[in-house]
Each structure stands twice: as C-alpha cells, then as structure tokens.
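Keep the structure open beside you as you read.

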Amino acid sequence: MIAVVVLTSILTRFLPFSAFFRNVDTLVHELSHALMTLALSGRVNVIHLYSNQGGVTLSTFDRNWMAIPISLAGYVGSALFAVLLFYLYARRQERAGLITAMILAIVAAALFVRNGYGVIWCIGFAVLSGLVAFAAPPLLQKCYYMLIAFICLVESVISPFVILFRSVTRPGSAGDAANLAEATYVPAVVWCLVFVAVSLCCAKLSTTMLFKRGFGSGKPRETH
C-alpha cells in the first residue's frame, strides 16, 4: 500500500496537468463538509475552489457541537471517495465512477461554488469527464479513470499528513483539525492523527481492491 501511494505520488507530479485533477479531491472534501451541514439542517453559504488545490466551505449551523461532524466530514469523505472509485474499478464500472464525479461537479457548480475559478473548473471537469464517459474508447476511458482514482487516493493520504505537520508547527493553521480542537478542546494534533489513521485504512482498502482486479481489461474467466 505504502509503495503504491509513494510511487503514484511521484509519478503524478510529473504530469503537467495533474494539478487540474487534484482539485477533484478538493471538490469532494468541500462537498463532504457541505453535505454534512445539510444533513444537520444547517445552511451552506458558499464553496470556493482555488487553483492551488485549496478550498473553503462557509456554512451556518445552530449548535456548536455540529462543528464536530462537519469538520470531520472533509478528510473522511475524500478518503471514502477514493475507496468508492477503486471499488467501482474492481467491479469494472469505470463509467459509473466518471458519471458520479461529473454529477458532483455539476451539483457543486449549480448550488454551492461561487468563485470564478471554482465554477470554471467544475464546468470544465464535468464536460471533460462526460466526454470521456460517453464518447472515449475503452482504453482512454480506463486510463482517464485510473488517473483520477490514483490522484484522489494520493491526495486523500497526503493531505492529512500536511495538516499533521501544521498542527505541530502552527496549530492554528491546521484547518479542520484546528476547528475540531476549538470545538472539543482536544489538541489539533490528535485530530490529525485520526485523519491519518482513516486515510491509511481507506488507502489499504483501495489498494486491496486495485490488486483484486489487477490491470487487465478482459472479463474474468473460470478455469478448471
């Protein structure tokens, strides 16, 4: 698992357009905050996505304890999304995964994302993913899907380690962990370790499903 994540992290950094696709993880992270807010009867004011793969969700909710599940949802949601992508890959349902990602981008642009770059990115990603899902040959569709899946996997693991470092050096800038620390009085570094543990467990599940199918494109055959 560790070898897959490290190798993929290195390889994706050499792709000149990989920064564009790393925003998929950001989108899922921010949408997870938004969906949890709505589930708790709160109000999502706005989502911003940025070209540096950063993002922010501004929401309003009635009770202070709601900050806990809302803050937890971001990193947990992005880790589970990576699992979903590899689950669909194992089931040979790449098109379903692309359609899911496309719908998320469309919903985000229509309901929540309000900054210029974020809206343009969502529309561009949705159009590109739709074209690949419905018009691309199978090999291109599979390669595109695996690019997104691997980038989501890598980002879902790297991001918790980044805020873990921040929680040690600058606790107030540790993002969701800092919000959790304020709401619970549990140090941000502890919450970062929770995020790291969840991301590693999900990464293990993802790579297990990856190797369960392998990289072949043919249908499984029964042998005797």
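Please keep in mind that this is a predicted model. Rolling a probe the size of a water molecule over the atoms shows where empty space is left. Here, the count comes to 1 cavity of 30 Å³ or more, and the volume of the largest cavity is about 30 Å³.

Which residues line the largest cavity? They are L85, G97, L98, A101, Y145, I148 and A149. Helix 4 (94-111) and helix 6 (138-169) each give at least two residues to this lining. Sorted by class, the lining holds 6 nonpolar residues, 1 polar residue and no charged ones.

Now follow helix 4 to one of its contacts. Two packed helices are described by the angle between their axes and the distance between the axes. The axes of helix 3 (residues 67-90) and helix 4 come within 7 Å and cross at roughly 150 degrees. Because an angle over 145 degrees counts as roughly antiparallel, helix 3 is roughly antiparallel to helix 4. On the helix 3 side, F81, L88 and Y89 make the contact, while helix 4 brings E94, A96, G97, T100 and L104. Together, these contact residues divide into 5 nonpolar, 2 polar and 1 charged.

Finally, turn to the largest pocket, which holds about 950 Å³ of space. Its lining has 37 residues, and H29, E30, G55, Y75 and D176 lie nearest its centre. Helix 2 (18-39), strand 2 (55-60), helix 3, helix 6 and helix 7 (176-184) each supply at least two lining residues. Helix 2 gives the largest share, with 7 residues. By class, the pocket lining has 12 nonpolar, 17 polar and 8 charged residues.

Conventions: Residues are numbered from 1 along each chain as its sequence is written. This is a predicted model: local features need pLDDT of at least 70, side-chain atom pairs count only at pLDDT 80 or more; totals for chains, interfaces and linings use all residues. Side-chain values use heavy atoms; hydrogens and water are left out. On a 1 Å grid over the protein atoms alone, a cavity is a set of points where a 1.4 Å probe fits but cannot get out, and a pocket is an open set with protein on both sides within 12 Å along at least five of seven lines; lining residues have an atom within 4 Å of a point. Grid points are joined across faces, edges and corners, and a volume is the space filled by probe spheres set on the points. Helices (H or I, at least four residues) and strands (E, at least two) are DSSP runs, numbered from the N terminus. Ala, Val, Leu, Ile, Met, Phe, Trp, Tyr, Cys and Pro count as nonpolar, Asp, Glu, Lys and Arg as charged, and the others, Gly among them, as polar. Axes are lines fitted to C-alpha atoms, for helices over the stretch in contact, and angles run from 0 to 180 degrees between N-to-C directions. Angles under 35 degrees count as roughly parallel, over 145 as roughly antiparallel, 65 to 115 as roughly perpendicular and the rest as oblique. Contact means heavy atoms within 4.5 Å.
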